[in-house]
Amino acid sequence: MTAGAVAPPAAVPRRRRATVWLLLLPGGLWLTAFFLVPLVQLVATSLYDPSGSEELGYAMTWSWSNYTDAIDFYAEPLVRGFGYAAVATLLCLVIGYPLAYAIAFKAGRWKNLMLVLVIAPFFTSFLIRTLAWKLILSDNGFVVGVFKTLGLVADDGRLLATGFAVVAGLTYNFLPFMVLPLYASLEKIDHRLIEAAGDLYASPVQGFRRVTLPLSMPGVIAGTLLTFIPATGDFINAQLLGDTTTTMIGNVIQSRFEVGDYPAAAALSVTLMVLIVIMVSVYIRKAGTEDLL
Amino acid sequence: MVRLGRWISDHAVMAVGLAVLAYMFVPIVVVILMSFNQPVSRAAYTFDAFTLANWQNPCGPEGLCSSLVTSVQIGLLATVGATLLGTLMAFALVRQRFRGRSLANVLIFLPMASPEVVMGASLLALFVAVGFGGLLGFWTILIAHIMFCLSFVVVTVRARLQGLDSRLEQAAMDLYATESQAFWKVTFPLVFPGILSAALLAFALSFDDFIVTNFTSGQTVTFPMFVWGAAQRGIPMQINVIGTAMFLVAVLVVLVGELSRRRRERVR
């Protein structure tokens with residue numbers, strides 16, 4: 001290395017190490033101060049005496065019962081939150097993969113344009129889009145009519161205020177989080193590898209299954225995580241498109257915070273986070289790519 | 001058989017891809033339609049009659065346009081902050097092996113594994129605890145937005161960096177480029193698309209955020225917060241005008257960018 005020849009050899013690693021810390025420090029401090037420290041406060045709050053209030057203050061009493069109470073009481077929205085998010089993530093993968101694939105391999109000179117079109121709908125607000133779905137799925141709407149004709153919905157049935165509407169909203173709203181990482185990893189694949197598979201008499205389907213799909217796994221993993229995690233904690237879709245029978249864990253946390261029941265809300269939040277971290281670690285270990293973390 | 005398979009993979013995938021794209025635009029079409037709607041009552045969210053009134057008076061509902069300005073300001077500042085900090089971190093994490101690397105990775109990963117409702121609430125608790133309770137507003141929103149955009153920037157830029165062949169940089173240095181020349185002439189241009197998409201993502205995340213903002217905003221109203229408030233009372237149709245305009249501006253910006261890029265390429 002030319003640079004190494006100029007400086008004394010021993011000085012290079014030390015300078016490098018200093019550079020690394022300099023690069024890491026600003027962002028690292030930001031995340032520590034505004035993410036980690038608040039999180040510690042949250043865990044502390046989850047162990048406060050639940051009989052306290054914002055005005056009177058809370059006593060730190062190591063009330064582990066906050067957790068058992070919260071889980072006992074809100075098991076149903078907790079399970080529902082994870083269930084809805086899992087279904088939505090799967091749907092995102094199924095419809096997002098062909099789109100990412102088409103952009104990466106088939107779009108040619110239209111690649112950038114299509115990529116932008118993926119993001120463009122999301123320049124209008126999340127809330128406005130979700131409110132639009134409320135209109136699309138409304139009881140006298142076109143979609144309900146078609147579903148009734150097809151016999152998928154009973155004559156007096158509805159789509160709005162059902163789990164279907166909530167999952168549909170989640171799927172729609174988190175789709176770009178799936179498509180963009182998928183595209184990023186598909187785009188990096190060396191085309192010659194796929195051609196080589198063809199030269200070796202693999203059918204296009206075999207080529208896809210044995211070459212393209214395995215090479216795109218980092219994108220699949222990143223996409224599913226970026227979709228599943230925010231979907232699990234979301235409460236906007238369930239609030240706007242669902243009803244009281246479709247409450248997700250996010251709704252419960254939000255409403256507990258809103259009414260000032262901080263210890264219960266904090267305990268639920270910590271529970272949700274711990275569950276997500278466990279599931280994600282298991283998933284990543286199974287998928288075999290720890291480098292993504 | 002092979003030819004048929006190839007034809008299918010050539011055209012069917014594209015057809016499915018375009019269908020998915022079309023699906024992504026369904027709500028946009030609805031928003032555009034509703035921007036011309038003259039509702040009978042404020043509570044009913046149905047198309048009643050055509051009107052241009054909403055477009056002639058987009059700032060009609062009180063506070064709508066000022067909330068929009070706030071959101072753009074916060075979005076731009078958060079994008080700059082998060083892209084800068086995140087890109088630096090991504091370079092440090094990909095290029096070097098050092099002690100504490102996996103710790104740094106965990107620190108970056110955790111905010112993405114946290115539901116927004118948790119981040120917002122814990123930030124609020126911190127701000128109140130350090131006596132910032134009365135100062136909640138523009139700057140606390142910005143702090144929060146940079147925080148949650150940061151990890152997404154790191155992940156996006158890092159993905160691009162990891163796909164980069166480090167031999168390209170070595171080749172440049174073998175050809176007597178200095179370290180900084182090799183960086184600015186080889187590495188940076190190759191990573192730049194990643195940085196750009198990270199910045200786009202950061203702006204979209206910040207501009208659109210409701211949940212974290214809700215906890216850290218005090219009296220400051222961003223556009224999503226305005227919409228949420230309006231959704232409880234009955235939605236003014238001007239919100240759809242803004243939604244349509246936002247969409248059109250975004251598309252326009254992108255088209256201009258793409259056209260100028262093509263022109264540059266042709267000149268070259």
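Biologist: In this predicted model, what makes α6(B) roughly antiparallel to α8(B)?

Modeller: The crossing angle. The axes of α6 (residues 138-162) and α8 (residues 179-208) of chain B come within 8 Å and cross at roughly 155°. Angles over 145 count as roughly antiparallel, so α6(B) and α8(B) get that label. As for handedness, α6(B) passes α8(B) in a right-handed crossing.

Biologist: Which residues in α6(B) meet which in α8(B)?

Modeller: From α6(B), they include B:Phe148, B:Phe152, B:Val153 and B:Arg160, and across from them α8(B) brings, among others, B:Ile195, B:Ala198, B:Leu201 and B:Leu205. Sorted by class, this contact has 14 nonpolar, five polar and one charged residues.

Biologist: Now chain A. How many residues does the contact take from chain B and from chain A?

Modeller: Chain B puts in 76 residues and chain A puts in 74 residues. On the side of chain B that touches chain A, the elements giving two or more residues include α1 (2-34), α3 (64-95) and α11 (238-267), as well as α6 and α8. α1(B) gives the most, with 18 residues. That side of chain B has 60 nonpolar, 10 polar and six charged residues.

Biologist: And A:Phe174, buried or exposed, and how do you know?

Modeller: A:Phe174 lies in α7 (residues 163-187) of chain A. There are 25 other C-beta atoms within 10 Å of A:Phe174; the cut-off is 20 or more, so A:Phe174 counts as buried.

Biologist: What is A:Phe174 in contact with, leaving aside neighbours within four places in sequence?

Modeller: A:Ala88, A:Cys92, A:Thr227, A:Pro230 and A:Ala231. A:Pro230 is 56 residues away in sequence, yet 8.2 Å away in space, C-alpha to C-alpha.

Conventions: Residues numbered from 1 in each chain as written. Chains lettered and ligands numbered in written order. Predicted model: local features only at pLDDT ≥ 70, side-chain atom pairs only at ≥ 80, totals over all residues. Axes fitted to C-alpha atoms, helices over the stretch in contact; angles between N-to-C directions. Helix = DSSP H or I, 4+ residues; strand = E, 2+ residues; numbered from the N terminus. Parallel < 35°, antiparallel > 145°, perpendicular 65-115°, else oblique. Left-handed = near helix turned anticlockwise from the far one by under 90°. Contact = placed C-beta atoms within 7 Å. Nonpolar A, V, L, I, M, F, W, Y, C, P; charged D, E, K, R; others polar. Buried ≥ 20, exposed ≤ 12 C-beta atoms within 10 Å, placed from the backbone.
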